[in-house]
Amino acid sequence: MKAIVLKREGDQIKGLITADIPIPVISDNDVLIKVNAIDINPVDNKTLHGNGQFDNVKNDEIIILGWDVSGVISEVGKDVVRFKAGDAVFGLLNFPGHGKTYAQYVAADPAQLAIKPANVDDETAAATTMSALMAYQAIREARIKPGERVLIQGVAGGVGFFALQIAKQLGAYVIGTAAGKHEEFLRENGLDEMINFQTADFELATSNIDFIFDTLGGKSVIKGFNILNPNGRLITIPSGQGEEWKELAKEHGVNAQFLFVHSSGEDMQALAALLEQGIIKPNIAHRFKFDDIADIHERMSTGKISGKIVVSFN
Ligand SMILES: NC(=O)c1ccc[n+]([C@@H]2O[C@H](COP(=O)([O-])OP(=O)(O)OC[C@H]3O[C@@H](n4cnc5c(N)ncnc54)[C@H](OP(=O)(O)O)[C@@H]3O)[C@@H](O)[C@H]2O)c1
């Protein structure tokens with residue numbers, strides 16, 4: 001099968017190459033998925049540059065990036081009861097860990113998959129995996145109550161846009177920061193108040209926030225403490241932010257935490273139901289083909305593309 005493999009020379013990472021490698025042999029408890037579409041997240045590019053999940057994959061002989069997948073089960077291990085060959089499935093594979101979805105076939109743990117709704121295409125499903133799970137798991141952790149004032153930092157992004165839709169479904173009043181060009185689209189999709197980060201300082205533009213969902217990190221977290229209500233909550237998700245913000249959170253008396261997304265078939269099933277009913281959808285910014293993957297990373301590394309990126313294999 002064709003796969004996009006991370007090329008290494010000693011400790012040095014030398015980019016991505018297309019390789020012809022054997023189709024994975026599955027264990028009795030796994031399924032084999034023929035991949036139709038994948039999604040590329042910032043963590044894929046961070047891992048390519050030695051950060052992100054690199055420590056979790058670096059000791060494997062062949063490193064294949066990618067965690068998000070939509071495809072069809074082509075083979076089931078003899079102990080698998082939940083799925084059968086021919087089932088259309090989607091999910092976030094082995095996160096944290098080694099996902100290996102930049103390939104025509106990938107082995108998967110059935111406990112990390114959900115059946116893809118029939119009214120949802122592969123690109124949409126692939127785009128509703130890591131970022132949707134991240135938003136779903138964070139909003140669940142925040143225990144949002146109807147009417148609460150929620151600020152989403154980076155609301156037009158892959159994760160932020162799912163968080164908007166899930167928070168609105170729970171009855172929150174949602175304020176979001178994004179570039180001005182996204183305002184109309186975001187308002188059409190339920191955003192109550194928009195702060196254009198290019199022209200306004202969110203710290204001055206809003207106040208009395210019950211929950212901040214932060215997808216930006218750094219100053220966005222530190223300044224966020226100044227606009228949270230007493231006993232407010234904050235969840236931040238970019239890694240590598242150090243420890244200082246945790247001390248500041250204590251000083252402000254707010255409940256702030258870093259949250260890591262994890263693979264979960266149960267949560268994917270909940271997302272499948274929301275997708276099927278049209279309650280959530282991804283904000284797909286870019287659509288590519290399999291042969292474009294190395295180029296996509298080049299463009300991510302130079303800041304030329306951001307937002308949700310899907311890759312179709314057909
Ligand atoms: N902890 C975890 O498990 C976990 C899981 C998923 C993601 N993450 C991390 O979360 C972060 C966001 O991921 P993502 O997939 O949502 O990325 P993304 O799709 O690239 O979205 C980022 C968004 O933030 C916007 N933005 C940039 N600067 C901003 C500012 N000052 N104010 C408001 N918005 C701003 C970008 O706008 P433009 O497009 O205009 O630049 C973009 O829409 C990444 O660092 C990712 O690695 C962590």
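**Entry 1**

I count two residues as in contact when heavy atoms lie within 4.5 Å. The model I am reading is predicted.

With that cut-off I looked up where helix H4 meets helix H5. On the H4 side I found Ser131, Ala132, Met134, Ala135, Tyr136 and Ile139; they meet Gly158, Val159, Phe162, Ala163, Ile166 and Ala167 of H5.

Next I looked up the geometry of the pair. H4 spans residues 130-142 and H5 spans residues 158-169; their axes come within 8 Å and cross at roughly 45°. I therefore describe H4 as oblique to H5. I also noted the hand of the crossing, which is right-handed.

**Entry 2: helix H9**

I turned to H9, which covers residues 244-252, and asked which of its residues are buried. I recorded Trp245, Leu248 and Ala249. Viewed down the axis of H9, the buried residues fall within an arc of 105°, so they line one face of the helix. I recalled the general rule here: an α-helix has 3.6 residues a turn, so residues three or four places apart point the same way.

I then looked at the face of H9 turned away from the buried side, and there I found the exposed residues Lys250 and Glu251.

What covers the buried residues of H9? I listed helix H8 (219-224), strand S12 (228-236) and strand S13 (255-258) as included in the cover.

Finally, I checked the backbone just after H9, where Gly253 takes a positive phi of about 70°.

Note on methods: Residues are numbered from 1 along each chain as its sequence is written. This is a predicted model: local features need pLDDT of at least 70, side-chain atom pairs count only at pLDDT 80 or more; totals for chains, interfaces and linings use all residues. Side-chain values use heavy atoms; hydrogens and water are left out. Axes are lines fitted to C-alpha atoms, for helices over the stretch in contact, and angles run from 0 to 180 degrees between N-to-C directions. Helices (H or I, at least four residues) and strands (E, at least two) are DSSP runs, numbered from the N terminus. Angles under 35 degrees count as roughly parallel, over 145 as roughly antiparallel, 65 to 115 as roughly perpendicular and the rest as oblique. A crossing is left-handed if the near helix is turned anticlockwise from the far one by less than a right angle, and right-handed if clockwise. Buried means under 20% relative accessible area, exposed over 50%, partly exposed in between (1.4 Å probe, protein chains only). The arc is that of the directions from the helix axis to the C-beta atoms.
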